[in-house]
Amino acid sequence: MVNGKRTLIIIPALNESGSIADVVGEVRGELPGVDVLVVDDGSTDHTAAVALAAGARVAKLPYNLGVGGAMRLGYRYARDNDYDVAIQIDADGQHDPRYVPKLVDLLDDNDLVIGARFAGEGDYNVRGPRRWAMVMLSGVLSRVAHTKLTDTTSGFRAANRRVIEMFAGWYPAEYLGDTVETLVHTARRGYRIKQVPVAMRKRMAGTPSHSPARAMIYLGRAFAVLTLALIRR
């Protein structure tokens, strides 16, 4: 339980055996009253075994579906097991579970709460085309959701029962669909979206892939995904 709500932490993971034990351990240490579900998204390493040994419940996909596919399974598990709240936390250790109660608090008056990197807390910074894409997405989606959103690609999110039910039946697996398209879909159906400032940390393990070419590809994909999300109903 977190703030009186039965809570499930969902951690989508692909080849995160180097960090998943620490992430699960930290979540269980900071939030002893919650259940932790690691969705192994077709990993080729020992992610599932390491997560299980660390005390998490594990659902293993037979092949890689992407974050969207993994999260859809997680939301179905939350719905089928009658959780009040489902919270997504990344498997690389960037999300600090100490912020979880703040996200859950805001669910008293909102349906989906985002832990936002660029809202005045912490020193996380992104430059170049990736930053341009994030600013563009935030500007458009703030208008769609009728609230200020500064970090629409954040994977640190909390959903209440109504949104759990919706995401269990519909959740896009396309690149950025799990962030951008879900926000458009949620806002257009009248659900209330809010953000809370959080500080992000460096990855516990592994190396993020950044390069000018990848950044430009990200910018192009962001425009494409946003356009499709706004067209779809």
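Reader: Which residue in β3 is the bridge partner of L37?

Author: This is a predicted model, in which local features need pLDDT of at least 70, side-chain atom pairs count only at pLDDT 80 or more, and totals for chains, interfaces and linings use all residues. Residues are numbered from 1 along each chain as its sequence is written, and side-chain values use heavy atoms, with hydrogens and water left out. Strands β2 and β3 run parallel and are joined by 5 bridges; strands are DSSP runs (E, at least two residues) and helices are DSSP runs (H or I, at least four), both numbered from the N terminus. In β3, L37 has as its bridge partner R57.

Reader: What is the handedness of the crossover from β2 to β3?

Author: The chain leaves β2 and passes through helix α2 (residues 47-53) to reach β3. A crossover counts as right-handed if, with the strands pointing away from the viewer, the path from the first strand over the helix to the second runs clockwise. The unit of β1, helix α1 (residues 20-30) and β2 is right-handed. The β-α-β crossover from β2 to β3 is right-handed.

Reader: How many residues of strand β2 are buried?

Author: Buried means under 20% relative accessible area, with a 1.4 Å probe and protein chains only. Strand β2 covers residues 35-41 and is largely enclosed by the rest of the structure, because the buried residues number 6 of the 7.

Reader: Which are the edge strands of the sheet?

Author: The open sheet has 7 strands with mixed pairing, in the order β3-β2-β1-β4-β6-β5-β7; two strands pair if DSSP finds at least two bridges between them. An edge strand pairs on one side only, which here applies to β3 (57-61) and β7 (193-197).

Reader: Which residues touch the most other members of the largest nonpolar core?

Author: A nonpolar core is a set of buried Ala, Val, Leu, Ile, Met, Phe, Trp, Tyr and Cys residues joined through side-chain atoms within 4.5 Å. The largest has 38 residues; a second, separate core of 29 residues includes I11, V27, I87 and L107. In the largest core, the residues touching the most other members are Y75 and I193.

Terms used: Buried < 20%, exposed > 50% of the residue type's maximum accessible area, 1.4 Å probe, protein only.
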